[in-house]
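Me: I would like to learn how to read pockets and helix packing in a model. Can we take them in turn?

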Amino acid sequence: STAMVNFYLQECGVKSVLLPALEFMRTDKNAEPDPVYIKDKLRAQLDLYPDTEIYITQGFICRNAYGEIDNLQRGGSDYTASLIGAAVNASEIQIWTDIDGMHNNDPRIVDKTAPVRQLHFEEAAELAYFGAKILHPTCIQPAKYANIPVRLLNTMDPEAPGTLISNDTEKGKIKAVAAKDNITAIKIKSSRMLLAHGFLRKVFEIFESYQTSIDMICTSEVGVSVTIDNTKHLNEILDDLKKYGTVTVDKEMCIICVVGDLEWENVGFEAKALDAMRDIPVRMISFGGSNYNISFLIRECDKKVALQSLSDMLFNGK
């Protein structure tokens, strides 16, 4: 398809060149993009065509450290665009989708959502991780590290401003709400062990041994609660955790994430979010691990009501 686009542009009189991604896009032995290799090889390719107006290449595909044809594993063509933008020190990276940027809530569930015009990279990453499908959580990392803004635009409405993602923060503003389904909550209660040296390390090592990431964590004097979204090894994890205390499990849970300028000095924002959730049973709350989010763990069956209530309270002035 890239060859067809290139031929079409040339027929239209555009000076375009097709740069095969396999000539410059590579991952290292850890299956992570190799930025030095990408930058050097891409620069060599670009230098071959100094008078070109448009360069076309493929997304997602690459070679691995052994020269074999492979892929970037995650993020798709958006990840490729971010890597290329960082490699050439672009002034802006544009990602074209079928909606007008990121919205302040899920338009499939909530009434009266609106596009978010500006996001910090951390805010965008939080929203992507916790359910905003327009963007993969890791695909904008190369742009963030290179301090290159990313703009999300709409192919159906090219004149729309979309969403600009950069290292700038809009102070004192809540930006959006997102939800992540299929969450399992695990509580380990052990008055004998929790205060003992190394207890939390032992708990985390169990999850690490089964390559299972933790989304949220809350601790008290007698217990620790965590959430996971990968239940492939749930039974084995539970068996190992039972060595250290009483274990209870809650399935079919959902994480609701409120994203914005949530530094702890900004009095009142967390109170508004809590007020919006006043009629909804909350299993866990996570606040303070990031300057950009507060997260609630609720039942999946309460998700729609929670998202609408947060929108009404935070964005619609109800």
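**Pocket, then packing**

Reply: Start with the lining. In this predicted model, four elements each give at least two residues to the lining of the largest pocket: α2 (35-47), β2 (54-56), α3 (76-87) and β5 (93-97).

Me: Which element supplies the largest share of that lining?

Reply: Helix α3 does, with six residues.

Me: How many residues line the largest pocket, and which lie nearest its centre?

Reply: The lining has 19 residues. Nearest the centre are Tyr 55, Thr 57, Ala 81, Ile 84 and Gln 94.

Me: Now helices. How do I describe a packed pair?

Reply: Two packed helices are described by the angle between their axes and the distance between the axes. Take α8 (residues 269-276) and α9 (residues 303-314): the angle is about 135 degrees, and the axes are 8 Å apart. Therefore α8 is oblique to α9.

Me: What is the handedness of the crossing of α8 and α9?

Reply: The crossing is right-handed.

Me: Which residues meet there?

Reply: From α8 come Lys 272, Ala 273, Asp 275 and Ala 276. From α9 come Ser 309, Leu 310, Met 313 and Leu 314. Five residues of this contact are nonpolar, one is polar and two are charged.

Key
Residues are numbered from 1 along each chain as its sequence is written. This is a predicted model: local features need pLDDT of at least 70, side-chain atom pairs count only at pLDDT 80 or more; totals for chains, interfaces and linings use all residues. Side-chain values use heavy atoms; hydrogens and water are left out. Axes are lines fitted to C-alpha atoms, for helices over the stretch in contact, and angles run from 0 to 180 degrees between N-to-C directions. Angles under 35 degrees count as roughly parallel, over 145 as roughly antiparallel, 65 to 115 as roughly perpendicular and the rest as oblique. A crossing is left-handed if the near helix is turned anticlockwise from the far one by less than a right angle, and right-handed if clockwise. Contact means heavy atoms within 4.5 Å. Ala, Val, Leu, Ile, Met, Phe, Trp, Tyr, Cys and Pro count as nonpolar, Asp, Glu, Lys and Arg as charged, and the others, Gly among them, as polar. On a 1 Å grid over the protein atoms alone, a cavity is a set of points where a 1.4 Å probe fits but cannot get out, and a pocket is an open set with protein on both sides within 12 Å along at least five of seven lines; lining residues have an atom within 4 Å of a point.
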